[in-house]
Amino acid sequence: MANIIEIEGLTKKYGALTALQELDLLVPEGAVVGFIGPNGAGKTTTMRILTTLLKPTSGTARVAGYSVTESPHEVRRVIGYMPDFFGVYEDMKVWEYLDFFAACYQIPSATRQTMVDDLLALVDLGHKKDEFVESLSRGMKQRLCLARTLAHDPQLLILDEPASGLDPRARIEIRELLRELKNMGKTIFFSSHILSEVADICSSIAILEAGKLIAYGDMADMKRRLRTHRLIQVKFIGEAAPLQAALLAEPQVQAVNQAAELSLPPDMLRFDFAGDDEELSRLLGRLIQQGLPIVTFSEETGNLEDLFLQVTQGIVN
Amino acid sequence: MNGLRAGFHWRQLATNPIYLREKGVWGNPHPFYDRLALLVPLILLPGLLLGLCGAPAGLLPLTVISELFIGVYCLLCLPAVLLQALTWLGVFMAPALTATSLGREIDQGNWDILRLTPQPVRLIVAAKLLGALARLRLWPLLWLLSLLQALALGAGFLLAGSLYNWFWVIPVTLSSLLRPSLEIFWAGLLGMTVSLWVRSAIMALATTYGLIILFRTAVWLMSWLLLSLTVELLGDYGALWPFLLPTAAYLLASALLIAVLAYGLRPWL
């Protein structure tokens, strides 16, 4: 599959501050990439360079084969961009807003009306068509803005914090919309602070810190690669001490955390295990043989928050 | 210089969506202008007074020179008053349309979105300025009165015969024809330029009005100063200053503002 985004050695400096440092990134067509990192990591800078709104200090960035510095007009035709901070023309009606931007994209008036109706149906705002933009909720405005990015049917959507400041329901609506766009074959490159949201919809994640890409790849691969040990949770009946002693006697058990240390219920504990599935199975067998009253025995899958905390060090530009 | 490379599409300006948006085809981008428009009678009153004082006064030196100009003076008096009042109204209203223009787009985050459309930056700015000015409803009457005044003035100069070289008829007539429109265009352009640096709408408008008053006063004073200083040296030709200098000053000031605006827009070109 061809790469729709190709970034090589991308650097952006603002005076003495290096916002981006030798960034390399390839995004294949049709992928949904979550771009995460602490505030000031350089996410917005990367996105603004990709959208041709900002010039890099050095390095190259190509979108759909076009250089962002040499062919900005061609790049603009293939991208739809939603900035983290955007305004909507509140004096316009909802349909007028989309019609105006479609006209700016030189879409003939004969096709605009159908296109506006289709876009409003996609973002579930058809019932608000004749209302003024100012009467929309923040979530609706966000969806309207997303519809605007689709006016010229771009291949690639670059969305900077598409769900920021939204209530849980509006966030779910945006997430569903992104899923629908993914099913339509759009490549989506979006940044977010809401890691669960990224984990839910993206196929790959890129983690940026202090202007450097510190991790990038398929979600499952990344978790596997970054995991040096497995976390196993055990629920038991009675005293924790015998179970704890039995676990500490096992050579592959590296640490046993009691419930109080982890805010777990008192009948649970967690331990680090450095072995594969077979070794884990044998360990469980030995514990049962010793007559320890185990109720559940499960591996913590680890979420994106854990991964994020594991790879980032909190360095902020 | 993306804006330059993309070129201009001036012929398409009349159908440009940003131009049409400023004119009010999509929504109403100038609610403040609409509120201000309710005060037109109050704005016209000082305009009429200014016209009564200013317009005929500009012709007074000529009446001293030739009796023929007394007829021209009387002929021009009423339309000239109306023309002055209309120009005053335009100069007052134009910044209300343009002084929030660019600053608001940048502040609200719409500027980047507009820049990503296939519209070149220079065309966006030109469309916003001309579209906003096109919203003023005074243009047909203004142009009619300007033409009337220019023709009458040209005729007056021709009738004056030997007093002036015929060569001066053309610049004086053209100057008289252009000046009212140029003043309004300049005021609008000034508002837009100020809005690039002064983001608060009220501050931008206040700054623009302040600069307009200063500039108009300076031009008026300069014309009369030059008239009084050079009338002995240049004879009758000294009386031409009030006709030629303001138009030249507004032309130069407009060119300067375009350069300043282009400088301010440099990061986005």
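Which residue in strand 13 of chain A is the bridge partner of Val253(A)? I looked this up before anything else. The partner of Val253(A) in strand 13 of chain A is Phe273(A).

**Entry 1: ground rules**

I note that this is a predicted model, in which local features need pLDDT of at least 70, side-chain atom pairs count only at pLDDT 80 or more, and totals for chains, interfaces and linings use all residues. Residues are numbered from 1 along each chain as its sequence is written, while chains are lettered from A and ligands numbered from 1 in the order in which they are written.

I take helices (H or I, at least four residues) and strands (E, at least two) as DSSP runs, numbered from the N terminus. I treat two strands as paired if DSSP finds at least two bridges between them.

**Entry 2: strand 13 of chain A**

I found strand 12 (residues 253–258) of chain A joined to strand 13 of chain A by 5 bridges, running antiparallel. Strand 11 (residues 230–236) of chain A also runs antiparallel to strand 13, with 6 bridges between them. In that pairing, Ile232(A) has Phe271(A) as its bridge partner.

I then looked at the two faces of strand 13 (residues 268–273) of chain A. Leu269(A), Phe271(A) and Phe273(A) form the covered face, and Met268(A), Arg270(A) and Asp272(A) the uncovered one.

**Entry 3: the open sheet of chain A**

I traced an open sheet of 6 strands in chain A, in the order 6-7-8-3-9-10 and with mixed pairing. Strand 6 (79–82) and strand 10 (212–218) of chain A have a single partner strand each, so one side of each is left without a neighbour in the sheet. On average, neighbouring strands of this sheet are turned by 15° against each other, direction ignored. For such angles, axes are lines fitted to C-alpha atoms, for helices over the stretch in contact, and the angles run from 0 to 180 degrees between N-to-C directions.

Within the sheet, strand 3 (residues 32–36) and strand 8 (residues 187–191) of chain A pair in the parallel sense over 4 bridges. Val32(A) stands opposite Ile188(A) of strand 8 there.

I saw helix 1 (residues 43–50) of chain A lying across strand 3, strand 7 (156–160), strand 8 and strand 9 (204–209) of chain A. Helix 1 runs at about 145° to strand 7 of chain A. Contact requires C-beta atoms, placed from the backbone, within 7 Å.

**Entry 4: burial and cores**

I call a residue buried if 20 or more other C-beta atoms lie within 10 Å of its own, exposed if 12 or fewer, and partly exposed in between, with C-beta atoms placed from the backbone. A nonpolar core is a set of buried Ala, Val, Leu, Ile, Met, Phe, Trp, Tyr and Cys residues joined through C-beta atoms within 7 Å.

The largest nonpolar core has 119 residues, of which Val63(A), Tyr97(A), Leu98(A), Leu144(A), Ile158(A) and Phe189(A) touch the most other members. Helix 5 (residues 68–98) of chain B gives the largest share of this core, 14 residues. A second, separate core of 8 residues includes Ile232(A), Val234(A), Phe271(A) and Phe273(A).

**Entry 5: helix 5 of chain A**

Leu144(A) is among the buried residues of helix 5 of chain A, a helix with 10 of its 12 residues buried. Among the elements covering those buried residues are strand 6, helix 3 and helix 6 (168–183) of chain A.

**Entry 6: three loop residues of chain A**

I placed Ser135(A) in the loop between helix 4 (109–122) and helix 5 (138–149) of chain A. Ser135(A) counts as exposed because it has 11 C-beta neighbours inside 10 Å.

Thr52(A) lies in the loop between helix 1 and strand 4 (58–63) of chain A, and its phi is near 75°, a positive value in a residue other than glycine. Thr52(A) is buried, with 24 other C-beta atoms within 10 Å.

Ala210(A), not a glycine, has a positive phi of about 50°. I located Ala210(A) in the loop between strand 9 and strand 10 of chain A, where it counts as buried with 20 C-beta neighbours inside 10 Å.

**Entry 7: chain B**

I recorded 12 helices and 0 strands for chain B. Of the 269 residues in chain B, 39% are buried.

Terms used
Two residues are in contact if their C-beta atoms, placed from the backbone, lie within 7 Å.
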